[in-house]
Amino acid sequence: MELIRHFLTENPCYRANVDRADSRYIQFQNRGPLGLMLHSVGCAQPSAEVFVRGWNRASHTNSCVHGFVDANTGAVWQTLPWNFRGWHGGGSCNNTHVGVELCEPDCLVYGAGGAFTVTDPARAKAMVKRTYEAAVELFAFLCRQYQLDPQTDILSHAEGGKQGIASRHADPEHLWKGVGMDYTMDGFRADVAAAMDEPARDSAPAARPEADRLEQLLGPWIERIEDLPKSLRAQTRELLDLGVLNAGTADDPDDIRLPYNVLRALLAAKKYTDLRTIEN
Ligand SMILES: [Zn+2]
């Protein structure tokens, strides 16, 4: 699985998580996800990067997901830490579920009411197969990571809507059906369960048990300057340049690797010393 990490740090949902805006965010971060929800984007855009660029803005106030699966490459773009609360399902599922979007083939023509026609069926099927298989691998990884049972803890957006925990949408089953694939959510859950039994591939992200334990205690983990909202980056850069953050021990001088709350305490301390320096 190719995993590209590009957090949506400017999206208001990311900000609400780093600010721990209310108990729903704190609870999700401390506990981790209780389930996984599969979506598809509902428009003919195969590039995950296009969504990442479009959603990584303060003005993008209505949605934020944990990842996009690129339909050109099968790469997974992770856009939120897995234990952040997302805005993906339009219901209480946001309090419990990670949300992942499958990008859709470029050869669909959407009409009214979410129906579409397919201009190049072979191409569409190849792209849908690519995102399906990458999603199986990602969901197997997440089920292992968070001790989830694929049979009970994986839903589509459409299934969530029927259960009353998400808004009424048809994704991603409408995509599979519309391009003439015989994929179903029951089949997806079975494929994830089968993938969990396979030994993890080398390219799967390595488990970080120590970091995960700390994260549970101290909130979200900030690894790089790009993980921070822009407003905090200059101050953090000064701390990095002073050697305060990793004390020169990390291989990468830009490595932050601190819980957000610890970093905030350091930034507050820096502000205090800066003020004292001016006074003196
Ligand atoms: Zn959806």
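**Reading aromatic pairs and a zinc site**

Modeller: Tyr-183 and Trp-176 are both buried (under 20% relative accessible area; exposed is over 50%, partly exposed in between; 1.4 Å probe, protein chains only). The model is predicted, so local features require pLDDT of at least 70 and side-chain atom pairs pLDDT 80 or more, while totals for chains, interfaces and linings use all residues. Residues are numbered from 1 along each chain as its sequence is written, and side-chain values use heavy atoms, without hydrogens and water.

Colleague: How many aromatic pairs does a search of the whole structure find?

Modeller: A pair of aromatic rings is described by the distance of the centres and the angle of the planes. Here the search of the whole structure finds 12 aromatic pairs (Phe, Tyr or six-membered Trp rings with centres within 6.5 Å; planes under 30 degrees apart are stacked, over 60 edge-to-face, the rest tilted). Phe-51 and Phe-68 are stacked because their ring centres are 5.2 Å apart and their planes lie at 10 degrees.

Colleague: Which parts of the chain does this pair tie together?

Modeller: Phe-51 belongs to helix H3 (residues 48-55) and Phe-68 to strand E3 (residues 67-69), so the pair ties together parts that are 17 residues apart in sequence. Helices (H or I, at least four residues) and strands (E, at least two) are DSSP runs, numbered from the N terminus. Phe-51 and Phe-68 are both buried. Trp-176 and Tyr-183, by contrast, form an edge-to-face pair, with 5.8 Å from centre to centre and 80 degrees between the planes.

Colleague: Which residues do ring pairs link into a cluster?

Modeller: The cluster linked by ring pairs consists of Tyr-132, Phe-139, Trp-176, Tyr-183 and Phe-188.

Colleague: Which residues coordinate the zinc ion, and at what distances?

Modeller: The zinc ion is coordinated at 2.0 to 2.2 Å by ND1 of His-39, ND1 of His-157 and OD of Asp-171. Donors are N, O and S atoms within 2.8 Å of the metal (3.2 Å for Na, K and Ca); water is not among the atoms, so sites may look incomplete. Along the chain, the zinc donors follow the spacing H-x117-H-x13-D.
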